[in-house]
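This report concerns a pocket and the backbone geometry of a protein model. Please examine the structure shown here before reading on.

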Amino acid sequence: NGERMTPTFSVIVATSGRPTLTRTLASLAPQLEHDDEILVIRNNEAPWGHATRDEAMHRAKGSHLWFMDDDDIATPYALEDIRGQVVQAPDAVHIFKMQHGTLVLWKDAVARVGNVGTPMMVIPNVEGLLGRWGSQYEADGYFLQETLALRQDEPVFHEQIVALIRP
């Protein structure tokens, strides 16, 4: 029919209650559109927020999931950039860039541990096609690899920086 879907986003923010959460939410809230949501889940017991993200994914109502840490911030036009790319390929996993000081990841367009980070990934919210975060520090890379294996496809990499890490 030629109509493009209008994606909605569930932004999942795992937190242990750090004071930087306010800044994180302030960077996200103005970017939300109708039917987008921010899910803030606090769990002091879960290492690095991984179990919290697993829990939040089951509550998410958006067509796509975007993950943010409670000490990072979204760039000013992150959701606009993400939305524009997701409209072009709504069924794909999208990998954007993040910046930590002078380091920008991804370095090369490969989904591997150490080359991807939590706030870079935008995943279609399809039950049964989402990996688990696990308990390792590098769980973001493992989550992505497991998700891609379940989906049996490759991600689409984008040059836009959508998150600043511990600015």
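The sections below treat the model, a pocket and the backbone in turn.

## Basis of the model

The model is predicted, with local features requiring pLDDT of at least 70 and side-chain atom pairs pLDDT 80 or more, whereas totals for chains, interfaces and linings use all residues. Residues are numbered from 1 along each chain as its sequence is written, and side-chain values use heavy atoms, without hydrogens and water.

## The second largest pocket

The second largest pocket has a volume of about 170 Å³. Its lining consists of Asp54, Met57, His58, Asn125, Val126, Glu127, Gly128, Leu130, Gly131 and Arg132. By class, three of the lining residues are nonpolar, four polar and three charged.

A pocket is an open set of points on a 1 Å grid over the protein atoms alone, where a 1.4 Å probe fits, with protein on both sides within 12 Å along at least five of seven lines; lining residues have an atom within 4 Å of a point. A volume is the space filled by probe spheres set on the points, which are joined across faces, edges and corners. Ala, Val, Leu, Ile, Met, Phe, Trp, Tyr, Cys and Pro count as nonpolar, Asp, Glu, Lys and Arg as charged, and the others, Gly among them, as polar.

## Backbone geometry

Most residues other than glycine have a negative phi, and most peptide bonds are trans. The bond between Leu105 and Trp106 is cis, with omega about 15°.

Asp35 has a positive phi, near 75°, and is exposed at 52% relative accessibility (exposed: over 50% relative accessible area, 1.4 Å probe, protein chains only; buried: under 20%; partly exposed: in between). Gln152 likewise has a positive phi, near 55°, and is exposed with a relative accessible area of 73%.
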